[in-house]
Amino acid sequence: MNALFQLRCCQAVRDAFRRPMLMALLSLVVCHVHVSSDDGVHASRIRASLSLAETKVREAGDSARAIDHVQLGDAQLRFGRVEESIHSFERAIEMRPEWKPELWQYGIALAFAQRYREGRELFEMHRRVNPHDVENAAWHFLCVAKDADLATARQLLLPAPSDPRPPMKQVLRRLAGGDDAIVVDAVRDTPSMRERDSAQFFADLYLGLIADAEGNSAKAEQYMQAAAKTGLGHYMADVARVYAKRLTLGRAKK
């Protein structure tokens, strides 16, 4: 991603913030829709974006704007520098506290950092500005399951009606306690090949996340590795690659 957020004080941007996670990013960034399944290609792309964002903040010094820190946090998160991204997002929130509900990326970083209660609260805030996003419900589910337990996560599952992206309706059903097959079948039944590639990625990502929340680390890593191999180069594809590496590292430490 060679250009990140280009925030403007206009209704179009405020509206874009209220779309599902991926759609907001597609509206606000220049991203590689389909790049490569080669992890080195993705790393080079993100490293270039990170270098640009770091340079911008460094050269701006005390004049750096909140959006500059958001851009830096985005690049750091996509590169796997989770703690650094949290610092950047929190610096942006200090400058523009009204942005906090919109910054779902910050919630993902908190989840990766195992700050689950704070992540849970962030995703609950985000739902107030983006109520139809199944992805938000999924990350909230993960945080509650890790902070409390699986039964509580299902009891407190956030509603996310009318997310049109395949297979989000089925992912929401799976979060509530369904079987993986309902998501797998939805991908298979997606008529368009282009949509099917995207649906397969999101199925792998969120079946992996659900397995992680359920404590099935082997299945979580299997699904997340599949998601990480996507040729897609958007924000959530990069998140999947970071997630897969963290799951593998976690297994190695056991």
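User: What does the accessible surface of the protein chain come to, and how much of it belongs to carbon and sulfur atoms?
Analyst: In this predicted model, the accessible surface of the protein chain is about 11600 Å², and carbon and sulfur atoms account for 52% of that area. Buried residues make up 53% of the 254 residues, and the secondary structure consists of 14 helices and 2 strands.

User: What is the mean pLDDT of the protein chain, and over which residues is the pLDDT below 50?
Analyst: The mean pLDDT is 88, with 85% of the residues reaching 70 or more. Over residues 1-20, however, the pLDDT is below 50, although the model gives this stretch 52 contacts beyond near neighbours in sequence. Residues 22-35 also stay under 50, and for them the model has 43 contacts beyond four places in sequence.

User: Why is the pair of W104 and Y235 called edge-to-face?
Analyst: The ring centres of W104 and Y235 are 5.2 Å apart, and the cut-off for a pair is 6.5 Å, so the two rings qualify as a pair. Their planes stand at 70 degrees, and because planes over 60 degrees apart count as edge-to-face, the pair takes that name. W104 lies in helix α6 and Y235 in helix α14, so the pair ties together parts that are 131 residues apart in sequence. Both W104 and Y235 are buried.

User: Why is D238 called buried?
Analyst: D238 has a relative accessible area of 0%, and because buried means under 20%, the residue belongs to that class. D238 is found in helix α14, and beyond its neighbours within four places in sequence it is in contact with H42, R45, I46, R78 and G233.

User: How do you know whether the span of helix α4 agrees with what 14 residues should give?
Analyst: At 1.5 Å a residue, the 14 residues of helix α4 (residues 66-79) should span 20 Å, and its end C-alpha atoms are 20 Å apart, so the two agree. Because 13 of the 14 residues of α4 are buried, the helix is largely enclosed by the rest of the structure. Just after α4, G80 takes a positive phi of about 95 degrees.

User: What makes S162 count as exposed?
Analyst: The relative accessibility of S162 is 65%, and because exposed means over 50%, S162 counts as exposed. S162 is found in the loop between α9 and α10, with a positive phi near 70 degrees. Most residues other than glycine have a negative phi. P167 is found in the loop between α9 and α10 as well, and the peptide bond from P166 to P167 is cis, with omega near 0 degrees.

Notes
Residues are numbered from 1 along each chain as its sequence is written. This is a predicted model: local features need pLDDT of at least 70, side-chain atom pairs count only at pLDDT 80 or more; totals for chains, interfaces and linings use all residues. Side-chain values use heavy atoms; hydrogens and water are left out. Helices (H or I, at least four residues) and strands (E, at least two) are DSSP runs, numbered from the N terminus. Buried means under 20% relative accessible area, exposed over 50%, partly exposed in between (1.4 Å probe, protein chains only). Accessible areas come from the Shrake-Rupley method with a 1.4 Å probe; for residues, only the protein chains shown count as cover. pLDDT is the predictor's confidence in each residue, from 0 to 100. Contact means heavy atoms within 4.5 Å. Rings of Phe, Tyr and Trp (its six-membered ring) pair if their centres lie within 6.5 Å; planes under 30 degrees apart count as stacked, over 60 as edge-to-face and the rest as tilted. The expected span of a helix is 1.5 Å times one less than its number of residues.
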